[in-house]
Amino acid sequence: MTSMPLASIFRRPEAGSLVGLLMVVAFFVVTGGVEFLYLSSVGSWLSRAANLGIIAIPVGLLMISGELDLSVGSMITAGSMITALVSGFYGLPIIVGIMAALGFGILVGMLNGYLVVRTHVPSFIVTLGTLFAVAGLLLGLNIVLTGTTTVTLMAPELAKTLFGKYFGQGFQVLIIWWIVITAAFVFFVHYSPYGNWIFAIGGDKVSARNSGIPTERMTILLFVLSAVSAAFVGMSQAILFQAVQATPQMTLIFNTIIAVVVGGVLLTGGFGSVIGIFFGTITFAVVTQGIYYTSFDQTWSNLIIGVLLLGAVLMNNTFRKMALTYAPKKK
Amino acid sequence: MTAPIIELRNINKSFGPIDVLHDINIKVHAGEVLCLLGDNGAGKSTLIKILSGVHKPSSGSILMDDAAVAFSTPREATDRGIATVHQFGGTFPLMSIGRSFFVGVEPTKGWGPFRIFDRKKANEIAVKAVRDFGITRIDDGDRLVGGLSGGERQSLAIARAVHFGARVLILDEPTAALGVKQATHVLRIVNEAKKRGLAVIFITHQVMHAMAVGDHFAVLIRGSVAADFRKGEKSREEITDLMAGGETIADLEKEIENYMASHDGHPPPVTPG
């Protein structure tokens with residue numbers, strides 16, 4: 001299509017995140033040494049990336065469609081909590097706990113989606129509401145039912161192998177889930193005809209609806225996907241760590257947004273890619289884990305993340321402008 | 001003469017106590033351009049919304065090919081072949097030409113759940129459709145719509161409407177935000193659509209642009225059709241005066257001249273407000 005394949009890479013939404021990832025890896029190799037790239041280290045930051053990435057992709061898709069989901073912060077706790085309550089405290093089979101956790105994800109996702117679609121209240125506010133409501137509900141229920149804020153869970157071996165186990169040197173099994181889920185989303189968003197709809201909704205909702213796209217159903221589906229993904233990660237964390245605290249993970253909200261924005265998704269919608277979010281997530285994980293391999297105190301990692309976020313946004317803006325002004329050369 | 005493709009009969013529209021349109025009667029035949037002229041607030045937008053299914057008229061009827069129709073959603077109007085192109089093209093700036101062309105009707109290849117968006121086919125069809133309208137600068141369907149000029153975006157939107165079988169093309173101020181050269185491009189495309197037998201409703205307040213392509217003109221003042229005439233029946237000045245609602249620009253000129261004659265050649269003082 002174009003004469004210069006390199007130039008065409010820079011016009012893609014994930015260009016900025018790839019450059020950012022390479023820069024961050026180079027930074028930690030220089031300051032922390034190659035140990036950072038040893039298999040044992042790779043396991044630690046890939047595991048971190050997997051936990052974040054499974055949630056970041058659907059959150060990113062919501063952002064591409066012009067919405068935001070903050071409720072993932074308490075949905076991840078809900079996933080852990082419900083699994084531990086049902087299968088730990090009440091001792092029901094683990095499959096029931098998993099289904100209950102994911103079912104609750106579907107429920108909250110539909111609630112978020114319906115509220116946003118029906119009331120036209122900005123999703124920022126709606127999901128801020130469900131974030132706190134679900135967090136409060138969990139904590140309250142937990143104390144009423146168990147009398148404590150911590151629940152333990154001993155999952156059977158099969159469930160551990162599937163969702164909560166390390167293999168090799170510190171590789172969580174969740175990494176495989178993350179890669180499979182990413183591949184599925186790449187297909188859904190960039191190859192199936194439905195992906196086009198997400199971009200159209202984020203670009204111009206009224207035109208999208210007039211073109212016959214079921215915009216409301218699509219928005220609700222995306223909210224369900226993000227809530228279920230958060231519940232899924234929470235569920236596997238409960239199985240891995242065997243104990244669950246009933247406190248919401250507020251920093252997860254920011255972390256997903258950072259991963260998504262570093263990954264080249266436009267905050268106002270209409271632009272981005274799944275591969276970009278994938279790279280953005282790895283970048284974020286590398287920064288938070290890479291600091292341990294350097295001589296810096298780990299408290300500096302937030303500074304790096306802040307600078308990274310601003311740098312990534314500026315870089316993504318530049319690349320997007322390149323994509324917009326691009327016209328093939330006259331032959 | 002054959003039946004008009006679209007006709008409005010005694011259309012009234014009011015929002016609560018406010019009457020926006022009174023007794024609108026217009027008809028457009030195939031291969032004809034109706035220019036709808038009017039100042040801001042004359043009711044042009046409301047009329048477009050009725051035609052494109054966004055609003056329902058309070059009374060009166062819409063006829064297509066002499067049969068009454070009613071649209072409850074914009075989608076129904078689109079299905080009947082009424083396409084509306086808005087001032088900025090109404091397309092998706094950060095999507096590629098090929099993808100935005102086929103939003104909602106994506107071509108696919110493959111089988112079952114593994115059907116994939118056929119990017120090559122989409123790009124080819126989109127580029128060909130635009131080029132058939134004489135916009136030869138577009139030759140790569142992977143380009144983003146936002147990178148096109150205003151005129152090219154309009155052309156893309158019109159080409160898209162025609163490709164998907166529009167019979168009535170409603171153009172809402174397509175030339176308002178464009179430079180002279182770009183506007184000429186769009187006017188040429190309007191002409192092309194007309195040649196292909198579409199009924200075009202061209203909304204504008206630029207009389208020059210209207211006169212370049214129009215066969216039939218309707219001037220809207222405060223929600224009524226104040227004048228309805230065919231090409232060549234009125235001069236540009238007459239139309240401009242009509243749009244201004246009787247307060248003619250010639251009158252204004254005379255008033256200033258009279259003032260200056262009686263005040264030693266000074267223009268009238270400007271009073272704020």
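Buried means under 20% relative accessible area, exposed means over 50%, and partly exposed lies in between (1.4 Å probe, protein chains only). The model shown is predicted: local features need pLDDT of at least 70, side-chain atom pairs count only at pLDDT 80 or more, and totals for chains, interfaces and linings use all residues. Residues are numbered from 1 along each chain as its sequence is written, chains are lettered from A and ligands numbered from 1 in the order in which they are written, and side-chain values use heavy atoms, with hydrogens and water left out.

**View 1. A salt-bridge network links E192(B), K195(B) and R196(B).** A salt bridge is a side-chain nitrogen of Lys or Arg within 4 Å of a carboxyl oxygen of Asp or Glu. R196(B) and E192(B) meet in one, at 3.3 Å from N to O. E192(B) is partly exposed, with a relative accessible area of 22%. R196(B) is partly exposed too, at 39%.

**View 2. R167(B) forms a salt bridge with D65(B).** Their closest N and O atoms are 2.9 Å apart. R167(B) lies in the loop between α5 (150-163) and β9 (168-172) of chain B, and D65(B) in the loop between β4 (59-64) and β5 (67-69) of chain B, so the pair ties together parts that are 102 residues apart in sequence. Helices (H or I, at least four residues) and strands (E, at least two) are DSSP runs, numbered from the N terminus.

**View 3. Strands β11 (residues 216-221) and β12 (residues 224-230) of chain B run antiparallel.** Six bridges join them; two strands pair if DSSP finds at least two bridges between them. F217(B) stands opposite F229(B) in β12(B). The two strands form a hairpin with two residues between them. In the turn, R222(B) has a positive phi of about 40 degrees.

**View 4. M75(A) is among the residues with the most contacts inside the largest nonpolar core.** A nonpolar core is a set of buried Ala, Val, Leu, Ile, Met, Phe, Trp, Tyr and Cys residues joined through side-chain atoms within 4.5 Å. This one has 98 residues. Its largest share, 15 residues, comes from helix α3 (residues 39-64) of chain A. Beyond its neighbours within four places in sequence, M75(A) is in contact (heavy atoms within 4.5 Å) with residues including F104(A), V108(A) and V134(A).

**View 5. H209(B) sits in helix α7 (residues 207-213) of chain B.** H209(B) is buried, with a relative accessible area of 15%. Residues up to four places away in sequence aside, H209(B) touches T175(B), A183(B), L187(B) and F202(B).
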